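Dear colleague,

I am passing on to you the structure that we spoke about, and below it I have set out what was found in it. Please read the notes with the model open beside you.

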Amino acid sequence: MVEKKALKPKKEIELKDLTICDATQQMLAKARRDGVETQFDRAAGMKACPIGADSACCKHCFMGPCRLNAKDPYGKVGVCGANIDAIQARNFGRMVATGTACHNDHGMAMLDIFRDVVQGKIKDYRIKDVNKLVSISKEIGIETEDRSVQDIAMDLYHELEKTYTQVEGELPFAKRVPPKTLEMWRKHGIVPRGAMREIMEMMSRTHIGMDQDHTNLIKQICRTALADGWGGSMVATEISDILFGTPSPVSVEVNMGVLKEDHVNVIVHGHEPNLFESMLASVNAPSLLESANEAGAKGINLVGMCCSGAEVMSRHGIPHAGNFSSTEPILVTGAVDAMAVDVQCIQQGLVKVAECYETELITTNPRCHLEGATHIELDEHNPQKCTDEIVIRAISRFKNRKFPVEIPKKVGIGVHGFSHEYINYMLGGSFRASYTPLNENIINGRIRGVAGVVGCTNPRVKQDYVHVELVRELIKNDVLVVQTGCSQIALAKAGLTSPEAAALAGPGLAEVCETVGMPPVLGLGSCVDNTRILIACSEMVRTGGLGDSIADLPVAGAAPEYMSEKAIAIGQYFVASGVYTVFGVTFPVTKGTNFEKLLFEGLEEMGMGKWGFNPDPHEMARMMIAHIDKKRQALGIDK
Ligand code: XCC
Ligand code: SF4
């Protein structure tokens, strides 16, 4: 065993420099008083490795690990002779493979549940949105006339399973891709077959002595990422809508103030909606409500965090307590009786913080345990067994609360739940509609373009700040913003997801928002729901007037505070689909190399979008708006 020294930050950073979220600041102050460590302290105590940050190292074999010099990137090669471009491209490819694997793993879990629901083996969930089931089935060529829902659903299951398992051909949702975009993918040989195959090939090609030409590797990088966006993530979104309902706008409370001192507080954090759906049933079970009352609680208060939370706030209006960087600080309130987690973005640091306040931290998924947390496995065939048990433990923690409770009195109210179906419907009717109203408003210039602002928070930058500043700047310039994940929560806390925020928009966008009664910032759900943005883009191409491929659209994307490999996969599938995508924080490439040039320029020359990088929100906005204007000009709709 290697003895590791505890990480001690050298100097104490001012809380206002760590986050603009008042509630998180308040809890970080309390954490300091209580002697509790969070990701913010750990980040301060651990300088990011500069060689890794430039992706200038390789540990793919044991002749190494090798590190190159980012200041003189071509001055040295690895022991095997791999140059900086091969090394970076392989590293990037593995990030994309991991992110794609996560989203496909999630989507596949949803599809397994769907199959068992259709076959009657799971009785706790049922098909809620039959219309969506039928329309998606039609879209991918399944016969629906005069057939039972069950027959259609079973065919849909078999068809979508190919997303993962198919070894040859094109994955099912390739049928939704605008023809010109698909044609470009075919030309480069990057239409995904099945996700398992693409991830396997990506891993294989990054082994020592395999693909060492970054211009060839990039093709598999694109193909793997597309098996996320048009594959696993899209299946996760669509199947979750079919099973649990397609979102439509709903008013939601966001921030730590949604906790209630006199209630049993249960948080669900993670990504797969089924845990949350079953928890909803448990917290409403009369027998459990009765025991909560007997324990002296006024009721059971269920709230969400991260993507699980973003998904059910969009679908059911469940309050949301905060994004990724707030998952530790919220435990510092002492008010959380149980935190139930499933998969992804569940940081191990939660274990210690939960211990400090005797919060029940419970893992529920066989593929995500945390050493030191309680594991109560959720079996989809009897899910309430798990969620009831979690609620029982939460009630008992409430009864024995040993700590003074301090809940920041911060609550923002916004409207969320804008599926692409709803965006179409919402903008319908009010405007002259030779194209769709959204396209029409872009063509007439009221809306300058559309930006997707998504992704994580990261303690390497001031929490929420880059998200909020960027979005403010975009809407001020008449760019309609669509959002998912932790970014959506940052804006909700800042009050920009309410219709009143139209006052902060430029005159054109404000007019559209006021006419329709919508906010200038539309929350679409969790990170797998980024696929709603892909579908919205496809719809914009299909209905006409804005060019004939996604790359022609006046749109751009950003993940200003990203931290995960999933974010890299998402960025890459947007770029391969034709979207200019700008990341903040840091970018894992060495400056001035051929691989950097390929990502930031070369892909666009191949007919795709391209990557951009800038940690400054105002610069980022400027880059995105300049791109939107360039596309408007090419379409002849600039004024
Ligand atoms: Fe995770 Fe999805 Fe990132 Fe938030 S945004 S930190 S990936 S929870 Ni998706
Ligand atoms: Fe070094 Fe090459 Fe092995 Fe990588 S694959 S560790 S560059 S020898």
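How do the residues of the lining of the largest pocket divide into nonpolar, polar and charged? Before the reply, please bear in mind that this is a predicted model. The lining of that pocket is made up of 14 nonpolar, 12 polar and 6 charged residues.

The largest pocket holds about 1,200 Å³ of space, and among the 32 residues that line it, those nearest its centre are Ala 48, Cys 49, Gly 52, Ala 53 and Met 563. At least two lining residues come from each of helix H2 (39–45), helix H3 (50–53), strand S1 (57–58), helix H4 (84–118) and helix H21 (565–577), and H4 gives the most, with 4 residues.

The largest cavity, with a volume of about 440 Å³, is lined by 44 residues, and Gly 452, Val 454, Asn 530, Ile 533 and Phe 574 are the ones that lie nearest its centre. Helix H20 (530–543) contributes the most to this lining, with 7 residues, while domain 2 (256–399) and domain 3 (419–635) each provide at least three. By class, the lining of the largest cavity has 29 nonpolar, 13 polar and 2 charged residues.

The second largest cavity contains about 80 Å³ of space, and of the 14 residues that line it, Cys 58, Cys 61, Cys 66, Cys 80 and Arg 90 are the closest to its centre. Its lining comprises 9 nonpolar, 3 polar and 2 charged residues.

Cys 527 sits in the loop between strand S12 (521–525) and helix H20 (530–543), and H20 is the helix already mentioned as giving the most to the lining of the largest cavity.

As for the protein as a whole, it has 23 helices and 15 strands, and 61% of its 639 residues count as buried. Its C-alpha trace spans about 65 × 65 × 50 Å along the principal axes. The radius of gyration is 24 Å, which agrees with a compact globule, because a globule of 639 residues would have a value near 26 Å.

With best wishes

Technical notes: Residues numbered from 1 in each chain as written. Chains lettered and ligands numbered in written order. Predicted model: local features only at pLDDT ≥ 70, side-chain atom pairs only at ≥ 80, totals over all residues. Heavy atoms only, no water. 1 Å grid on protein atoms, 1.4 Å probe; cavity = no way out; pocket = protein on both sides within 12 Å on 5 of 7 lines; lining within 4 Å. Points joined across faces, edges and corners; volume = space filled by probe spheres on them. Nonpolar A, V, L, I, M, F, W, Y, C, P; charged D, E, K, R; others polar. Domains from an automatic or database assignment. Rg over C-alpha atoms; globule rule 2.2 N^0.38 Å. Buried < 20%, exposed > 50% of the residue type's maximum accessible area, 1.4 Å probe, protein only.
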